[in-house]
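Q: I am new to this structure and would like to learn how to read it. Could we go through its features one at a time?

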Amino acid sequence: TPGAPPAAPPATASIAGPIKIGVIQAELALLQTRDGQAAKADMDKKFGPKAEVLQKQKADIDDLQNKLERGSTTMAQAAKDELQRQITTKTKNLQREAQDFQDEQQAEENKVLAELEEKMKAVIAKYASDNGLSLILNVASENTPVLWMSQQLDITQPIIEAYDKAYPNKGMAAPARAPGAAAPKPPAATAPKPPAVPPAKP
């Protein structure tokens, strides 16, 4: 008798409908929300005056350095030594103050942005659920693997609007962490940076 026919392969489950994808410039979205703009204004107000003081100190050092270079062939050695001493002392002081400023600013940024990130994650998760999105990609990074995309996939502006609608008042508390993919971290540097300080000469 002929052998039994081979068993049919098991049926594979089909995906119900197409997979919907959205792309977002997460950092831009966060900074353009009302909360993001208010946070930047607060940081500028808090750290701007100190940054200006540091810039002034840097300009003073540059003036002394220029004076030393202009008088290199005409000034007495004692005068040149005194100028160099002032430059070295002021540069070391500026380096220390600039580092303290940067540390304080970074700590404040981390504190402020941590709360905003939690709010943004909740908004993105709700938007994805409400609009049937299976995947949201952040294309803000220069190292993003996305080489091309249709602008129809960009949900940056809708997310900004959804965030401002969810949190109309600055300072509203973030809800419990929403499930799903986490939103990428927004950039730091929302406040003025201290001046770049060259190493002090020995």
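Q: How many of the 202 residues of the protein chain count as buried, as a percentage?
A: The model is a predicted one. In the protein chain, 32% of the 202 residues count as buried. The chain exposes about 13100 Å², and carbon and sulfur atoms supply 56% of that area.

Q: Which pattern does the protein chain follow along the sequence?
A: The order is β-α-α-α-β-α. That gives four helices and two strands.

Q: What share of the contacts with a separation of 6 or more comes from residues 24 or more positions apart?
A: Such residues account for 87% of those contacts in the protein chain.

Q: How should I read a helix, and what does α2 show over its 37 residues?
A: An α-helix has 3.6 residues a turn, so residues three or four places apart point the same way. In this structure, α2 reaches 51 Å from its first C-alpha to its last, which is close to the 54 Å expected at 1.5 Å a residue.

Q: Where does α2 bend?
A: The bend is at Phe-47 and amounts to about 45 degrees. A proline, Pro-49, follows within four residues.

Q: How is a pair of aromatic rings described?
A: By the distance of the centres and the angle of the planes. A search of the whole structure finds two aromatic pairs. One of them joins Phe-47 and Phe-101, with 5.7 Å from centre to centre and 85 degrees between the planes, and this pair is edge-to-face.

Q: Which parts of the chain does the pair of Phe-47 and Phe-101 link?
A: The pair links distant parts: Phe-47 lies in helix α2 (residues 34-70) and Phe-101 in helix α3 (residues 77-130), 54 residues apart.

Q: Is Phe-47 buried or exposed?
A: Phe-47 has a relative accessible area of 2%, so this residue is buried.

Q: Why is the pair of Tyr-163 and Tyr-167 called tilted?
A: The planes of the two rings stand at 50 degrees, so the pair is tilted; the ring centres are 5.0 Å apart. Tyr-163 counts as buried because its relative accessibility is 0%. Tyr-167 also counts as buried, at 7% relative accessibility.

Q: What sits over the ring of Tyr-167?
A: The charged end of Lys-119 does, 5.1 Å from the centre of the ring.

Methods. Residues numbered from 1 in each chain as written. Predicted model: local features only at pLDDT ≥ 70, side-chain atom pairs only at ≥ 80, totals over all residues. Heavy atoms only, no water. Phe/Tyr/Trp six-rings, centres within 6.5 Å; stacked < 30°, edge-to-face > 60°. Buried < 20%, exposed > 50% of the residue type's maximum accessible area, 1.4 Å probe, protein only. Lys NZ or Arg CZ within 6 Å of the ring centre and 35° of its normal. Expected span 1.5 Å × (residues − 1). Bend = angle between axes of the 7 residues up to and from the residue. Contact = heavy atoms within 4.5 Å. Areas by Shrake-Rupley, 256 points an atom, 1.4 Å probe, with all protein chains shown as cover.
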